[in-house]
Amino acid sequence: MTDPFMQAAIEEAKKGLAEGGIPIGSVLVIDGKIVGRGHNQRVQQGSAILHAEMHCLEQAGRLSPADYKKATLYSTLSPCDMCSGTALLYGIPTIVVGENKTFQGPEDYVRSRGVKLTILQDAECIQLMEDFIASSPELWYEDIGKE
């Protein structure tokens, strides 16, 4: 059975896909409660930065350093450099990743900075991305900054 917080992130990913966007979702959890939810909004908002994790953190709003220090960031896909950097900036100590088969962010660097990183290799997360990449490769490459 999928972790309920990862399931919430998957629900966010599916929302993004249903809106015509990229199926990546994220939730921020503090003290066993979801305090922020987000999904990739680059297409929907015409944004350069609204990856799922960025949207999630934006939706969580301003939090104290003490809140971030006890938070867990869930993402259906391995966070990219930008999203990993934001987690590092705010001192989020734990990141749970749905999968890193279709894309792998700077995981070794994140670990070297003391973050506990758990990779689930969740079949549903993998399938969402594999299907999306097969159907929309140009949009996917745009999202990760590749030609």
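How does the radius of gyration of the protein chain compare with that of a compact globule with 147 residues? I looked this up before anything else. A compact globule of 147 residues would have a radius near 15 Å, and the protein chain has 14 Å, which agrees. The radius is taken over C-alpha atoms, and the globule rule is 2.2 Å times the number of residues to the power 0.38.

I noted what I was working with. This is a predicted model, in which local features need pLDDT of at least 70 and side-chain atom pairs count only at pLDDT 80 or more, while totals for chains, interfaces and linings use all residues. Residues are numbered from 1 along each chain as its sequence is written, and side-chain values use heavy atoms, with hydrogens and water left out.

Entry: whole chain. I found eight helices and five strands, in the order α-β-β-α-α-α-β-α-β-α-β-α-α along the sequence. Helices (H or I, at least four residues) and strands (E, at least two) are DSSP runs, numbered from the N terminus. The C-alpha trace spans about 40 × 30 × 30 Å along its principal axes. Of the 147 residues, 50% are buried; buried means under 20% relative accessible area, exposed over 50%, and partly exposed in between (1.4 Å probe, protein chains only). I also looked at contacts (heavy atoms within 4.5 Å). Among those between residues at least 6 apart in sequence, 53% join residues at least 24 apart.

Entry: serine 26. I located serine 26 in strand 1, residues 25-30. Is serine 26 buried or exposed? Its relative accessible area is 0%, so serine 26 counts as buried. Its side chain reaches the backbone oxygen of tyrosine 74 at 2.7 Å. Leaving aside neighbours within four places in sequence, I listed the contacts of serine 26, among them Ala9, Glu12, Arg37, Cys56 and Tyr74.

Entry: positive phi. Aspartate 31 has a positive phi of about 55° and sits in the loop between strand 1 and strand 2 (33-39). Aspartate 31 counts as exposed because its relative accessibility is 55%. Where does glutamine 121 lie? I found glutamine 121 in the loop between strand 5 (116-119) and helix 7 (123-135). Its phi is positive too, at about 50°. At 36% relative accessibility, glutamine 121 counts as partly exposed.

Conventions. Polar contact = N/O pair within 3.5 Å; in protein donor to acceptor, adjacent residues only side chain to side chain.
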